[in-house]
Amino acid sequence: MTDPVTVGRLDDLAPGSMKLVRAGGRRLCLVRTSEGVFALDHACPHEGYGLAQGELDEEGVLTCAWHNWKFRVSDGTCLLGEEAVTTHPVEVGEDGGVRVTVRRPDPAAARPRLLASLRQGIERAYVGQTSRDVVRLLQASADPGELVWEAIAYGAPRAEFGWGHAIASATDCLSMLEQYEGEQQALPIVQAIAGVAETERGRSPRPLPAPARDLGPDPASTFRSLVETEQLEPAQALLLGAIERGIGRDDLVPWFTAVVSDHHLSYGHAAIYSQKAFQLLDALGWDRAATVLPHLVPTIVLGTREDKLPYMRRFRRALAEVDLPTLAEVEPADDWEDDGRLLGALLGEDRTAPLTGAVAALRDGCTVDRLLDVVVAAVSERMLRYDVTCEQDLHDDFGWLDITHGLTYANAARWHHAQQPGPDALRLALWTVFQAHWTGRHEWHSPIGVRAEVPPGPGELKAYGELLQRRSLLDETSTFIVHAHAVKTSVAATEEALRSGSPLPLDATARFLDAPRRERFVAATVARSIDFLTGRAPRDV
């Protein structure tokens, strides 16, 4: 605290009145009630409006004139709103002088209180309270990752069907921290937290089973079998038992690569979420694995096995004929380059050509990474020539978000391959080949759109990518689902551009961020419900 500062005389402050005073470099609201004289921070915690411009009732409750927040002046308690206002001790001397001692709490001492307030803000999805607490905690030298962890620890057990876009977005926001300094780091931190808070608000925690005591001789194969047969709780129990037994990151990554490669699972979401979950643990520490990974399992167990749907029948049958173990052992050819045939197959209309072309390329010495380079190039081309008027076709279940998944799915497959090369990672890469082709299905029914001209970004690819990443955090999207796609697409595009040396993925992402997009899905859902209940079949099934 500061030394007491005289801010006026009691005679100058009528009962039931308020005035703005200054003490210790702070603006304060001085209030006199029948109970005494009190001093509060002048700025309302909500948006900083001056409390001295508010109204004071006979009960000693001060109402901010801006948004009607209400505070008890005796102790600053918030009676309507999100957080209390700070109060400061007041003395009235025998000479009638009013002296205020400004509270300046030690940042370390304030941290527990601020963390408790942050947790309350997360539970209520109060973005304002969360934002203010994050800034205060950063000012108190809090670890940014630990602030994001508060949201993860709250949200992971509450995810209704397992971890989803929130975990992907939080991981990517964490990766952007190095682009900001000091208090400005609050932007990616609060975006990460807000996504979790918004999606999991009001849900009860989902209980986990007890860790399995007997892992058996081959727990990886058992886990794979349990997931395949949709035995959720036994799969979670086995995973928890493995973590408790000390089976670490490098041994568990192959468990997840295997199960997300067994099917074209949920349009690639499961592979992406698994990648982001492990990257999150890499950033925050493996000791959090028992909180993160078991809650990822429902996403995988309950995910749509799209390869079993009619639209994938031909591709699935052809893939079943491929000898993946042998193909994974083909010696890579350092001079392999696509002569245009593979890219042409991915951008064409023949539904059998993409897999045929990919397998032929792999047999000729194309590596998985180079195969994924072509996948990324094809999806980027789709994004650059997508006819955005399709976004207004309420009967078509295809749009921007579907195309961007081709890019983020390929990026996830590349991560899985880097962690554990082999047949499973190869199968996953081949699923992305299918998806890259499938992202063009609108072009099979409509004229191919004119390739968009994108204004040139910064010449240096890293700077270009970081520009798009920072832009993805600036609230240009109105719903979390679209925001999450903007974030993860910008991160994936940066990584892919830096790998290939081409700005193509970044140009494609810039167009996605610039173009008209469907941001809400109520009207489309109503239209498709009518279609369903009147017998209209979806296109391309």
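User: What makes A125 partly exposed?

Analyst: This is a predicted model, where local features need pLDDT of at least 70, side-chain atom pairs count only at pLDDT 80 or more, and totals for chains, interfaces and linings use all residues. Residues are numbered from 1 along each chain as its sequence is written, and side-chain values use heavy atoms, with hydrogens and water left out. Buried means under 20% relative accessible area, exposed over 50%, and partly exposed in between (1.4 Å probe, protein chains only). A125 has a relative accessible area of 24%, so A125 is partly exposed.

User: Where does A125 lie?

Analyst: A125 lies in the loop between α1 (107–124) and α2 (127–139). Helices (H or I, at least four residues) and strands (E, at least two) are DSSP runs, numbered from the N terminus. Phi of A125 is near 55 degrees, a positive value in a residue other than glycine. Most residues other than glycine have a negative phi.

User: Why is S141 called exposed?

Analyst: The relative accessibility of S141 is 60%, and exposed means over 50%, so S141 counts as exposed. S141 lies in the loop between α2 and α3 (144–155), and its phi, near 65 degrees, is also positive.

User: How do you know that Q469 is buried?

Analyst: Its relative accessible area is 6%, under the 20% limit, so Q469 is buried. Q469 lies in helix α19 (residues 461–472). Not counting residues up to four places away in sequence, Q469 touches M176, Q179, S490, V491 and T494, where contact means heavy atoms within 4.5 Å.

User: Why is α8 called roughly antiparallel to α9?

Analyst: Helix α8 (residues 249–261) and helix α9 (residues 269–284) pack at an angle of about 165 degrees, with their axes 9 Å apart. Angles under 35 degrees count as roughly parallel, over 145 as roughly antiparallel, 65 to 115 as roughly perpendicular and the rest as oblique. The angle is over 145, so α8 is roughly antiparallel to α9. Axes are lines fitted to C-alpha atoms, for helices over the stretch in contact, and angles run from 0 to 180 degrees between N-to-C directions.

User: Which residues of α8 and α9 meet?

Analyst: In α8, R249, L252, V253, F256 and V260 meet A270, A271, S274, F278 and D282 of α9.

User: What makes β2 and β9 edge strands?

Analyst: Four strands form an open antiparallel sheet in the order β2-β3-β4-β9. Two strands pair if DSSP finds at least two bridges between them. β2 (18–23) and β9 (87–88) each pair on one side only.
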